[in-house]
Amino acid sequence: MSVEILNGATIAGFVEDEEAFNSWVHDRFAALDEDQDGVLSYEEMLKELQCLRVFETDFGIDVKTDPDEVAGVYCFMFSQFDRDSNGVLDFEEFKTATKRMMLAVADGLGLLPLQMILEEGSFLKKAVEWESTKLVP
């Protein structure tokens, strides 16, 4: 983990750089596709959703959550990503969903710089690293 400064423009710039974004998404998809069948099952994607810990924390503090309620939310989220409703995510569905989520995060952050603790290899860390390569001549 490292402490980094970023804003919405950092994220949006990374997403808009198709080569960099597609490379990261491809690597992330391959890492999640445990059985290497070219699609993400609900179980494979669930691990990624759970890493976000959106429902298990309140401003970074662990809170007790109803497991059935959390499972229902994750199931609903997966169904939103699964555009053709075939029960799995192909690469394009994963890429589209990731892009939409990251642009929503960028929009939510706005242009004011924030200091955040980021995990190595995370999307936000990759965005910061990408931006730093653009700043150095």
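User: How many helices and strands does the protein chain have?

Analyst: This is a predicted model, in which local features need pLDDT of at least 70, side-chain atom pairs count only at pLDDT 80 or more, and totals for chains, interfaces and linings use all residues. Residues are numbered from 1 along each chain as its sequence is written, and side-chain values use heavy atoms, with hydrogens and water left out. Helices (H or I, at least four residues) and strands (E, at least two) are DSSP runs numbered from the N terminus. From the N terminus on, the elements run β-α-α-α-β-β-α-α-β-α, and the protein chain has 6 helices and 4 strands.

User: What percentage of the 137 residues of the protein chain count as buried?

Analyst: Buried means under 20% relative accessible area, exposed over 50%, and partly exposed in between (1.4 Å probe, protein chains only). Of the 137 residues of the protein chain, the buried share is 34%.

User: How many salt bridges does a search of the whole structure find?

Analyst: Side chains of opposite charge can pair when their charged atoms come close. A salt bridge is defined as a side-chain nitrogen of Lys or Arg within 4 Å of a carboxyl oxygen of Asp or Glu. By a search of the whole structure, the number of salt bridges is 5.

User: Which residue forms a salt bridge with Lys134, and is Lys134 buried or exposed?

Analyst: Lys134 counts as exposed, because its relative accessibility is 52%. The closest N and O atoms of its salt bridge with Asp17 are 3.9 Å apart. This pair links distant parts of the chain, 117 residues apart: Lys134 lies in helix H6 (residues 123-135), and Asp17 in the loop between helix H1 (8-16) and helix H2 (18-32). The partner of the exposed Lys134 is therefore Asp17.

User: Why are Lys126 and Glu129 separated by about one helical turn?

Analyst: The side chains of Lys126 and Glu129 meet in a salt bridge at 3.7 Å, N to O. Lys126 is partly exposed at 34% relative accessible area, and Glu129 is partly exposed at 30%. The separation is about one helical turn because, in helix H6, Lys126 and Glu129 are 3 residues apart.
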